[in-house]
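Colleague: I have not seen this structure before. Could you take me through it in short questions and answers?

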Amino acid sequence: MKKVIMVAAAIIAASTLSSCGSDEVAGSAITIENPIVRSVDAMSYKNEESGKYMTGSFMTITNSGEEDVTLTGGQSPVAGIVEIHEVIDGVMKAMPEGLLIPAGESVKLRMGGYHVMLLELSKELKAGDETEMTLRFSDGTEQTVTAPVKEIAMDDEVYGADGGM
Amino acid sequence: MNYRKLAIGALSVVVGGGIFATATMVDLKREPSIAAAIEPFYGIHQNGIEINRQSNATIIAFDIKEGVDKSAIARLMRLWTNDSAELTAGRAIIGDPQAEMAANPARLTILVGYGYSLFEKIGITDQWPIVEKSIPAYSIDKLEQRWSDGDLVLQITGDNPQSIFHAAQVLERDAEPFATVRWQQRGFLDPAGINQEEVSRNLMGQLDGTANKVVASKEFSEIAWAKDGALEHGTTMIVRRIRMNLDGWNKVSTDSKSKVIGRSLENGDLLDSSSASAHQSRAFTQGAAGIIRRGFNYDDNYLADGTRDAGLIFIAFQAELKSYLEIQARLNQVDSLNRYTTPVGSALFIIPQGATKESYLGQSFFN
């Protein structure tokens with residue numbers, strides 16, 4: 001028996017990216033998915049003056065809108081300072097201008113690339129904890145996410161997913 | 001008949017504001033890629049039960065660490081829910097040390113369940129949704145602690161042992177702050193592409209699970225899924241490690257083997273003159289609500305006495321645990337198969353309903 005199924009897939013160019021993540025905020029074109037925070041361990045950086053640790057946070061940020069949006073900064077109950085950083089040739093650099101999330105695109109924040117830096121931590125975050133942070137965007141919106149704290153190998157900082165050894 | 005064609009409205013193109021859809025004929029006789037096949041994760045039921053045969057399984061039981069409380073279990077469940085959603089879709093999680101291994105999920109599914117001991121340890125026994133806390137030890141059992149019980153269970157199944165291994169690593173790694181592995185059992189059946197239309201054979205050569213209901217049928221649903229209460233849309237899971245005395249079995253003639261089972265070894269058909277102690281006669285009686293069997297064969301090297309440690313990881317799902325208990329009690333009394341099989345592991349878990357994008361597995365218990 002011949003069975004013919006018609007599937008009409010109409011996809012509108014501007015909305016090819018799904019925006020149904022759990023962290024979606026009404027009115028915002030920005031979606032934050034799978035945020036995680038690297039646990040503090042022997043490899044973590046420490047501010048020798050304050051004696052406080054810093055760590056990175058990683059996630060996927062999607063802009064389903066028609067305008068470019070920039071991630072400009074944020075705040076967290078566990079961090080004195082929240083900055084946007086990137087790693088270039090294994091060296092971490094602050095991005096004072098923020099991180100551009102182009103219209104209709106997703107940007108992955110990950111070890112060895114772009115990340116949110118949590119500085120001046122009020123406690124040593126351990127794997128199994130959860131951390132809240134609020135991220136600020138250039139369109140005036142803010143989003144608060146709850147990120148699990150996980151062990152992440154520090155080697156990735158140098159040998160990123162695209163770098164190889 | 002397998003001659004099917006699927007007309008897919010090809011991707012539309014936006015031209016000057018207008019949307020044009022074109023239809024393309026795709027011949028389904030061309031095998032879809034086994035590697036790329038994806039099973040849904042989110043749904044009212046957890047996936048990995050009402051699903052056509054998957055070739056491989058890794059079942060891992062965990063014990064939680066001292067000091068891990070209800071809110072910690074909730075954190076673990078949020079991690080495992082997110083991990084499972086990503087891994088089953090063939091995507092690496094951020095920070096995955098073997099990110100490349102997430103590709104080729106091959107119908108990977110991940111199922112999470114809980115033992116009564118978990119509810120005891122985190123002080124929520126009042127929420128345990130069924131009457132039974134464990135299943136009885138039967139006279140035929142020679143249970144070993146290293147294959148029995150557990151606070152948490154993961155059933156990781158699919159058609160690619162590589163993606164199963166990778167998923168197990170990711171999930172174990174994220175569980176590390178909360179729990180330690182109690183036991184792990186790995187099983188296999190015919191791989192994808194072999195005997196697709198039939199149930200697989202166990203290591204005794206018998207077609208196993210012949211009596212299972214068809215996936216997505218009303219009968220399957222009625223047996224598998226709890227209709228109400230705290231376990232609504234969930235089920236109960238039995239995992240029993242049945243060691244087989246293959247040396248003894250191999251000395252029995254084909255005809256006698258069939259009589260032990262009560263079914264033809266060749267095609268699994270019921271024998272006309274089945275004795276009352278044959279396995280199938282003992283296992284099935286009219287009116288029994290039934291169980292869903294999803295077992296896997298195992299082959300784990302050799303025991304200290306030199307015999308092969310091989311057999312069946314018997315897995316059964318049933319909304320009503322008593323369906324299983326009745327069958328097992330009958331098998332325990334007089335089952336011709338008992339001479340050739342020894343249960344060495346036994347565990348009971350509850351399987352909560354599935355997760356949505358807005359919820360995590362077990363949320364109703366740990367929130």
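This is a predicted model: local features need pLDDT of at least 70, side-chain atom pairs count only at pLDDT 80 or more; totals for chains, interfaces and linings use all residues.

Colleague: What share of the residues in chain B is buried?

Modeller: Chain B holds nine helices and 13 strands. In chain A, 35% of the 165 residues are buried. For chain B, with its 367 residues, the buried share is 43%.

Colleague: In chain B, what percentage of the contacts with a separation of 6 or more comes from residues 24 or more positions apart?

Modeller: In chain A, among contacts between residues at least 6 apart in sequence, those joining residues at least 24 apart make up 72%. For chain B, the contacts with a separation of 6 or more come from residues 24 or more positions apart in 76% of cases.

Colleague: What span should helix α1 of chain B have, and how far apart are its end C-alpha atoms?

Modeller: Helix α1 of chain B covers residues 70-88, which is 19 residues.

Colleague: How many of the residues of α1(B) are buried?

Modeller: Just after this helix, G90(B) takes a positive phi of about 80°. The helix α1(B) itself is mostly covered, and of its 19 residues the number buried is 15.

Colleague: Is α1(B) roughly parallel or antiparallel to α3(B)?

Modeller: Helix α3 of chain B covers residues 161-175, and its axis lies 10 Å from that of α1(B), at an angle of about 160°. Angles over 145 degrees count as roughly antiparallel. Therefore α1(B) is, relative to α3(B), roughly antiparallel.

Colleague: Is I60(B) buried or exposed?

Modeller: I60(B) lies in strand β5 of chain B, residues 56-64. Leaving out residues up to four places away in sequence, I60(B) touches L154(B), A168(B), V181(B) and Q184(B). Because I60(B) has 21 C-beta neighbours inside 10 Å, this residue counts as buried.

Colleague: What distance separates the C-alpha atoms of I60(B) and Q184(B)?

Modeller: Along the chain, I60(B) and Q184(B) are 124 residues apart. Their C-alpha atoms are separated by 4.4 Å.

Definitions and conventions. Residues are numbered from 1 along each chain as its sequence is written. Chains are lettered from A and ligands numbered from 1 in the order in which they are written. Helices (H or I, at least four residues) and strands (E, at least two) are DSSP runs, numbered from the N terminus. The expected span of a helix is 1.5 Å times one less than its number of residues. A residue is buried if 20 or more other C-beta atoms lie within 10 Å of its own, exposed if 12 or fewer, and partly exposed in between; C-beta atoms are placed from the backbone. Axes are lines fitted to C-alpha atoms, for helices over the stretch in contact, and angles run from 0 to 180 degrees between N-to-C directions. Angles under 35 degrees count as roughly parallel, over 145 as roughly antiparallel, 65 to 115 as roughly perpendicular and the rest as oblique. Two residues are in contact if their C-beta atoms, placed from the backbone, lie within 7 Å.
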